[in-house]
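Let's take a walk through this structure together, one piece at a time.

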Amino acid sequence: MDTFIKQRIKAVKKGDQSAFADIVEMYKDKIYQLCYRMLGNRHEAEDAAQEAFIRAYVNIHTYDPTMKFSSWLYRIATNLSIDRMRKKKPNVYLDAEVSGTDGLTMYSQLADEGASPEDALESLELQQMVQEAILKLPEKYRTVIVLKYIDELSLQEISDILNLPIGTVKTRIHRGREALRKHLGHL
Amino acid sequence: MPCSEKIVQWMHDYLDGDIQKEEEQQLRSHIQQCEACREHFYALKKTVAFVENVSHFTPSDDFIKKVMYNLPREKRRVRWKRWLTHHPFLTAASLFLLLSTSSLWAVWQEDNEFSFSKQEHLIVQNHTVIVPEGKIVEGDIVVRNGDIKIEGEVHGNVTVINGHKYLASAGEVTGQIEEVNEVFDWIWYNVKRVGYNIAKTLTK
């Protein structure tokens, strides 16, 4: 797997564009997922993920092969998502209408207690609530939480991607987890 | 509210999978005794379960196509090279065509010597082959880089390459008379000859 990617990167560096399609195929789901959780909107996520790949292609010569290629890609996608987050006004508030429902607000969803987490998670509303809770996190916590839980990365990988000491990554994960608990822990 | 910062720190270390055995044991025994801490820990674990199990979405089906379409154009040389390796047969065929035409061209260029097929009764004067009046030449005549004057009879074809034919009123040719003066004509003539030879061997 790794040697395949390495060989594709070499081909791209030589200017072979078609080799890049294999790289996109390999990582598109992960990168899209990351963008979606950071931005909270499928259309925007698709756009951001595409831009991330195009940036990776254009800057392929700056890729340092001692770093994991996926980490390098994640770094590009993370930075890009953060840029986009800053440009738009964040956050859905509790009294805002839930998209795709008819007049339902987040308050009406909060009443839905009692069901076990496993059952509840299957419902779209809860999916939505988890996503909203992630979007409410300040960007530095959101980033580490998304990398850790959505993409199941290790602390070391997250530290490589964000270029932060492991201690800082840990602290941010802890704070992020506490913030999420305030929104989701009572369900 | 949980009892102390230290206990909460252990909870997070536990969730990170990064806790010492001793601390884990202390955490466990404390949680069994303290309800507030137990609730806090449970809420954290539930939160993690929610976030971990959030459903995954996939990008649109034409995602790769869209990315590839928006990439800056690649170097032409590379596109060429890939095309060649992806179409070996066409590459070989065009290479063959190129080589064979250029070799024919080379032969055409080199072959400036006056020559003609040796037959009985033929007379040569200053690069002109003459079929004398009243004589009959049997078989095909080929003249290169010279002219032919036909005053008698030829029982066969006459071909003049890079030259002209003069047919006197009394002269007669039973086969075809052909002048080949351009390189393309000449190549065509060669191709036809090869085809004719193949047909002849096949009918034998």
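Predicted model: local features only at pLDDT ≥ 70, side-chain atom pairs only at ≥ 80, totals over all residues.

Now, is α8(A) mostly covered or mostly open? It's mostly covered, with 10 of its 12 residues buried. An α-helix has 3.6 residues a turn, so residues three or four places apart point the same way.

Is Arg37(A) buried or exposed? Its relative accessibility is 1%, so it counts as buried. Arg37(A) touches Arg142(A), Val146(A) and Ile150(A), and its contacts also include Gln131(A), Ile134(A) and Leu135(A). Over in the other chain, Arg37(A) reaches Val54(B), Ser55(B) and Phe57(B).

That brings us to the place where the two chains meet. Here 38 residues of chain B are in contact with 45 residues of chain A. Together the two chains bury about 3900 Å², and 65% of that is on carbon and sulfur atoms. On the chain B side, Phe50(B), Phe57(B) and Phe63(B) lose the most area to chain A, together 18% of what that side buries. Phe57(B) is one of the residues that Arg37(A) touches. How many salt bridges are there between chain B and chain A? The count is 3. To see a salt bridge for yourself, find the side chains of Lys170(A) and Asp18(B), which meet at 2.3 Å, N to O.

Next, zoom out to chain B. This chain has 7 helices and 11 strands. Of its 204 residues, 32% count as buried, and its accessible surface comes to about 14000 Å², with 54% of that belonging to carbon and sulfur atoms. If you take the contacts in chain B with a separation of 6 or more, 23% are between residues 24 or more positions apart. There's a database note here too: an unreviewed UniProt entry places the feature "domain: Putative zinc-finger" at residues 5–38 of chain B. Over residues 5–38 of chain B, the chain is 82% helix and 0% strand, and the end C-alpha atoms are 14 Å apart.

Last stop: some backbone angles. Most residues other than glycine have a negative phi. Just after α8(A), though, Glu152(A) has a positive phi of about 50 degrees. Asn163(A), in the loop between α9 and α10 of chain A, also has a positive phi, near 60 degrees. Its relative accessibility is 60%, so Asn163(A) counts as exposed. In chain B, look at the loop between β2 (123–125) and β3 (128–131), where you'll find Asn126(B). Asn126(B) isn't a glycine, yet its phi is positive, at about 45 degrees. Asn126(B) counts as exposed because its relative accessibility is 74%.

Terms used:
Residues numbered from 1 in each chain as written. Chains lettered and ligands numbered in written order. Heavy atoms only, no water. Buried < 20%, exposed > 50% of the residue type's maximum accessible area, 1.4 Å probe, protein only. Helix = DSSP H or I, 4+ residues; strand = E, 2+ residues; numbered from the N terminus. Contact = heavy atoms within 4.5 Å. Areas by Shrake-Rupley, 256 points an atom, 1.4 Å probe, with all protein chains shown as cover. UniProt positions renumbered as here; feature names shortened; annotations may be inferred. Buried area = accessible area lost by both parts, 1.4 Å probe. Salt bridge = Lys/Arg side-chain N within 4 Å of Asp/Glu carboxyl O.
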